[in-house]
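The structure under discussion is shown below.

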Amino acid sequence: MSTPALRVVHETGPGPDLEAAEAAAADLLTALGISLDSESLRGTPGRMARAYAELFTPRSFDLTTFPNDEGYDELVLARGIPVRSVCEHHLLPFVGVAHVGYLPGERILGLSKLARIVEHFACRPQVQERLTKQVADWLDEQLEPRGVGVVIEAEHSCMTLRGVQAAGSSTVTSTLLGTLREDARSRQEFFALTGING
């Protein structure tokens with residue numbers, strides 16, 4: 001018997017008010033001493049509003065799972081999934097990659113959905129620690145695998161372009177659940193396959 005796909009959509013609520021966002025962006029730029037009189041800057045507030053609306057709106061998708069008919073019990077890992085999000089403290093971008101893996105239980109996941117789940121939680125003001133845990137917890141809840149592992153490596157503009165200006169630095173966060181947390185050999189295999197020293 002097939003299980004219907006779960007439709008994953010953005011949290012409900014009012015959509016972006018682009019007109020108000022554009023006016024606010026114009027006010028912000030003006031308050032920062034940036035004149036909007038030139039032809040090249042005149043449309044910037046509207047472009048800012050549309051850019052942030054896009055960054056904060058994930059695409060809906062179907063979480064497609066399949067029966068694990070062969071009883072596959074080894075690690076499934078998607079490496080190098082692109083991550084782009086916005087730091088909730090400064091509204092500056094952070095970008096990097098996610099490595100997401102799981103030890104299957106009764107069902108396996110369509111591989112592209114691992115990237116979709118990362119995108120879903122990244123499309124909002126975020127902190128990397130929370131993003132890492134949200135992806136792992138959600139997979140654990142929806143898929144009921146024997147274990148889940150998520151590692152995110154990202155460079156934060158709020159750290160490289162301002163403040164300490166630590167260009168080239170990256171932040172690594174991880175969340176391990178189930179067997180990947182409890183069993184040292186499974187944990188080591190996961191970290192070895194992601195390229196992270198566990």
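Predicted model: local features only at pLDDT ≥ 70, side-chain atom pairs only at ≥ 80, totals over all residues.

The contact draws four residues from domain 1 and six residues from domain 2. By class, the domain 1 side comprises three nonpolar residues, no polar residues and one charged residue.

The domain assignment places domain 1 at 18–56 and domain 2 at 62–194. Their C-alpha centres are 33 Å apart. Across the interface of domain 1 and domain 2 there are zero salt bridges, and one residue pair is in polar contact, with both residues at pLDDT 80 or more.

## Salt bridges

The count of salt bridges comes to three. In one of them, glutamate 119 pairs with arginine 59, with the closest N and O atoms 2.6 Å apart. Glutamate 119 belongs to helix α4 (residues 112–122) and arginine 59 to the loop between α3 (44–55) and β2 (61–63), so this pair ties together parts that are 60 residues apart in sequence. Glutamate 119 counts as buried because its relative accessibility is 18%, under the 20% limit.

Glutamate 88 and arginine 130 also meet through their side chains in a salt bridge, at 3.0 Å from N to O. This pair links distant parts of the chain, 42 residues apart: glutamate 88 is in the loop between β4 (76–87) and β5 (93–103), whereas arginine 130 is in helix α5 (residues 128–143). Glutamate 88 is partly exposed, with a relative accessible area of 33%; for arginine 130 the value is 33%, and this residue is likewise partly exposed.

A further salt bridge joins aspartate 137 to lysine 133, with the closest N and O atoms 2.6 Å apart. Both aspartate 137 and lysine 133 lie in helix α5, four residues apart, which is about one turn of the helix. Aspartate 137 is partly exposed at 30% relative accessibility, and lysine 133 is partly exposed at 43%.

Arginine 42 is located in helix α2 (residues 39–42). With a relative accessibility of 51%, arginine 42 counts as exposed, since the limit is over 50%. Neighbours within four places in sequence aside, arginine 42 contacts Leu36 and Asp37. A polar atom of the arginine 42 side chain lies 2.6 Å from the backbone oxygen of aspartate 37.

Arginine 42 and alanine 26 are 16 residues apart in sequence, and their C-alpha atoms are 9.1 Å apart in space.

Technical notes
Residues numbered from 1 in each chain as written. Heavy atoms only, no water. Domains from an automatic or database assignment. Contact = heavy atoms within 4.5 Å. Salt bridge = Lys/Arg side-chain N within 4 Å of Asp/Glu carboxyl O. Polar contact = N/O pair within 3.5 Å; in protein donor to acceptor, adjacent residues only side chain to side chain. Nonpolar A, V, L, I, M, F, W, Y, C, P; charged D, E, K, R; others polar. Helix = DSSP H or I, 4+ residues; strand = E, 2+ residues; numbered from the N terminus. Buried < 20%, exposed > 50% of the residue type's maximum accessible area, 1.4 Å probe, protein only.
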